[in-house]
Amino acid sequence: MDKVLLLEDDLALGQGICLALKSDELQIDRCRSLKEVRKVSISDYALLILDINLPDGNGLDYLRELRSNRCSIPVILLTANDMETDVVVGLESGADDYITKPFSLAILRARVNTQLRREQKRESSIYQSDPFLFDFDHMVFRRSGMQIELSKAEQKLLRILLDNRGMTVSRPVLVDRIWSDGAEYVDENALSVTMKRLRDKLEDDPSKPKYLKTVYGLGYTWAMK
């Protein structure tokens with residue numbers, strides 16, 4: 001279940017938003033001031049809906065504080081400030097979306113769902129399980145904290161196996177998906193060479209792989225969750 005944090009001081013509006021957004025797949029928690037929001041762990045949430053005008057401060061200042069601390073939580077700003085310059089300042093301060101009051105709850109719900117889908121897509125490009133961290137969007141690959149350089153073919157092979165972990169991916173499917181550049185013929189030995197190079201970079205003992213395992217007669221599998 002995704003968790004959304006709403007920072008809105010207006011009691012009636014806050015209750016209306018919570019009722020409109022709450023579902024079996026979505027939990028909405030609410031704070032009414034900066035003092036309250038500083039007591040919660042922002043990292044527990046998938047999205048922050050943030051009012052700008054708060055009783056004990058400015059939501060934009062809080063947003064800038066989050067971004068300066070490298071907090072990447074998606075943020076939707078809610079505000080009565082509807083000038084073009086207000087929108088520009090909000091977005092440049094690190095907001096992912098900007099909604100002016102009054103607004104339709106149906107539109108807010110659609111905007112929330114859009115941000116959650118984007119966040120889910122972003123998270124799906126990152127794999128983290130000790131000792132590995134693979135960020136495919138930014139092409140950052142680490143083992144035990146040390147960065148590893150992977151070729152395009154190695155990245156494709158790793159991504160396919162990670163996306164299908166727990167299952168065996170056949171050699172013909174891997175060849176087709178890795179070298180899908182219109183080439184009429186790709187020697188299957190290219191897959192064996194790519195796998196060997198990837199094992200050399202990721203395995204403690206490439207001759208006895210723990211992660212990139214061969215399923216003889218079928219193909220390969222990633223053996224971690």
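**Strands β9 and β10.** I looked up strand β9 (residues 132–135) and found 4 bridges joining it to strand β10 (residues 140–143). The two run antiparallel. F132 has R143 of β10 as its bridge partner. I took helices (H or I, at least four residues) and strands (E, at least two) as DSSP runs, numbered from the N terminus. Two strands pair if DSSP finds at least two bridges between them.

**Ground rules.** I am reading a predicted model, in which local features need pLDDT of at least 70, side-chain atom pairs count only at pLDDT 80 or more, and totals for chains, interfaces and linings use all residues. Residues are numbered from 1 along each chain as its sequence is written, and side-chain values use heavy atoms, with hydrogens and water left out.

**The sheet around them.** I traced an open sheet of 4 strands in the order β8-β9-β10-β11. Its pairing is antiparallel. β8 (126–129) and β11 (146–147) are the edge strands, each pairing on one side only.

**Strands β6 and β7.** I then checked β6 (residues 75–79) against β7 (residues 97–100) and found 4 bridges. This pair runs parallel. L77 stands opposite Y98 of β7. With helix α4 (residues 84–92), β6 and β7 make a right-handed β-α-β unit. Right-handed here means that, with the strands pointing away from the viewer, the path from the first strand over the helix to the second runs clockwise.

**R30.** I found R30 in strand β2 (residues 26–31). The classes are buried under 20%, exposed over 50%, partly exposed in between (1.4 Å probe, protein chains only). Leaving aside neighbours within four places in sequence, I listed contacts (heavy atoms within 4.5 Å) of R30, among them L5, L6, L11, G14 and C18. The R30 side chain reaches the backbone oxygen of E8 at 3.0 Å. A polar atom of that side chain also lies 3.0 Å from the backbone oxygen of D10.

**Cysteines.** How many disulfides does the whole structure hold? My search found 0, taking a disulfide as a pair of cysteine sulfur atoms within 2.5 Å. For C18, the nearest cysteine sulfur is that of C31, 10 Å away. C18 is buried, because its relative accessible area is 18%. For C71, the nearest cysteine sulfur is also that of C31, at 14 Å.

Note on methods: Polar contact = N/O pair within 3.5 Å; in protein donor to acceptor, adjacent residues only side chain to side chain.
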